[in-house]
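The sequence and the model come first.

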Amino acid sequence: MPSSDIVARSSRFFPDQNVMTLHFDILTIFPAVFPGLLEESILGRARRAGLYDVHFTDIRDFARDAHRSVDDRPYGGGPGMVFKPEPVFEAVESVLATPRASEEATQKIILTPQGRRLEQRDLRRLSSAEWIILLCGHYEGFDERILEGLGFEAVSIGDYVLSGGEVPAMVLLDGIVRLLPGAVGHPESTTYESFETRTLDFPQYTRPPEYRGMKVPEVLLSGNHAEIARWREREALRTTREFRSDLLTGSEGSRGQDDSWEAGN
Ligand code: SAM
């Protein structure tokens, strides 16, 4: 589906649902990779219900040569190519020229492994924005003047390197949209889950009560809600201690309570 259709379809099929729409702008050299993910499941339903929309800008449209090049060799030598400043600045300026929300309700993010590592609480904070701009890199990354000059928040989705910012942009979009009121069937689903508290989620089971010799813990079949709640709390702590003890202690590079991207958040 052409990227422009993504916006057109939300307004055509769900014209006036009286909901606040969170606007995303994604700047990328690969706009064609996004549409499938935006069609399905929670993201598809939320978009069709008008909870959010997505506009794409192809950074190559701002290239200045016949080859539509947006990258060049790094000064000082070394492997790979680097995003040139001119097409990126001009693409960003074209997006900012038609604001979709006030400055205070806008979040501008550049995806880079050199950014602050994304956490669940950042997604919660971002879910109250009205306009989110996501700038995707590629190659060896951005000319440093793009990071300095645009003043965007630099965000990393984790301590590993992907080939481009498109998957990281989808990670943010997905994580934010599912927190929007009305996006998931039960609002509690997004309140009691891993990282919302400083623990991981507790183990979950469904039918049958026994499968290949593996039994569902008795307590979950007991109907005793107080016991079930205690069991879940204990199991959440056990899993967290086993796999992510840093969440309990606030150590291992985990950001401190007040260490947010922006002062005051
Ligand atoms: N040379 C860079 C480095 O070592 O940090 C890696 C560049 S990476 C191959 C190309 C682009 O993918 C980045 O500019 C960024 O947009 C995106 N990217 C890769 N890993 C990422 C991560 N963990 N978080 C956010 N963006 C990432």
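Over which residues does pLDDT stay under 50? That stretch is residues 1–16, for which the model has 20 contacts beyond four places in sequence. The model is a predicted one. The average pLDDT of the protein chain is 90, and 88% of the residues score at least 70.

**Overall fold**

The protein chain contains 10 helices and 9 strands. Of its 265 residues, 25% count as buried. Among contacts with a separation of 6 or more, 78% join residues 24 or more positions apart.

Five strands form an open sheet of 5 strands in the order E2-E1-E6-E5-E7, with parallel pairing. Strands E2 and E7 are the edge strands, each pairing on one side only. From one strand to the next, the twist averages 30 degrees.

| Strand | Residues |
|---|---|
| E1 | 22–28 |
| E2 | 52–58 |
| E5 | 106–117 |
| E6 | 131–135 |
| E7 | 153–156 |

The parallel pairing of E1 with E2 runs over 7 bridges. Leu-27 has Thr-57 in E2 as its bridge partner.

Helix H7, residues 166–177, lies across E1, E2, E5 and E6. Its direction is at about 175 degrees to E1.

Ala-169 is part of helix H7. Is Ala-169 buried or exposed? Ala-169 counts as buried because it has 25 C-beta neighbours inside 10 Å, where 20 or more are required. Leaving aside residues up to four places away in sequence, Ala-169 touches Ile-26, Leu-111, Leu-134 and Cys-136. The C-alpha atoms of Ala-169 and Leu-27 are separated by 9.5 Å, while the two residues are 142 residues apart along the chain.

**Ligand shell**

How many residues surround the ligand? The shell has 20 residues, and the closest are Leu-111, Pro-113, Gly-137, Gly-165 and Pro-168. By class, the shell comprises 9 nonpolar, 10 polar and 1 charged residues.

Methods:
Residues are numbered from 1 along each chain as its sequence is written. This is a predicted model: local features need pLDDT of at least 70, side-chain atom pairs count only at pLDDT 80 or more; totals for chains, interfaces and linings use all residues. pLDDT is the predictor's confidence in each residue, from 0 to 100. Two residues are in contact if their C-beta atoms, placed from the backbone, lie within 7 Å. A residue is near a molecule or strand if its C-beta atom, placed from the backbone, lies within 6 Å of it. Helices (H or I, at least four residues) and strands (E, at least two) are DSSP runs, numbered from the N terminus. Ala, Val, Leu, Ile, Met, Phe, Trp, Tyr, Cys and Pro count as nonpolar, Asp, Glu, Lys and Arg as charged, and the others, Gly among them, as polar. Two strands pair if DSSP finds at least two bridges between them. Axes are lines fitted to C-alpha atoms, for helices over the stretch in contact, and angles run from 0 to 180 degrees between N-to-C directions. A residue is buried if 20 or more other C-beta atoms lie within 10 Å of its own, exposed if 12 or fewer, and partly exposed in between; C-beta atoms are placed from the backbone.
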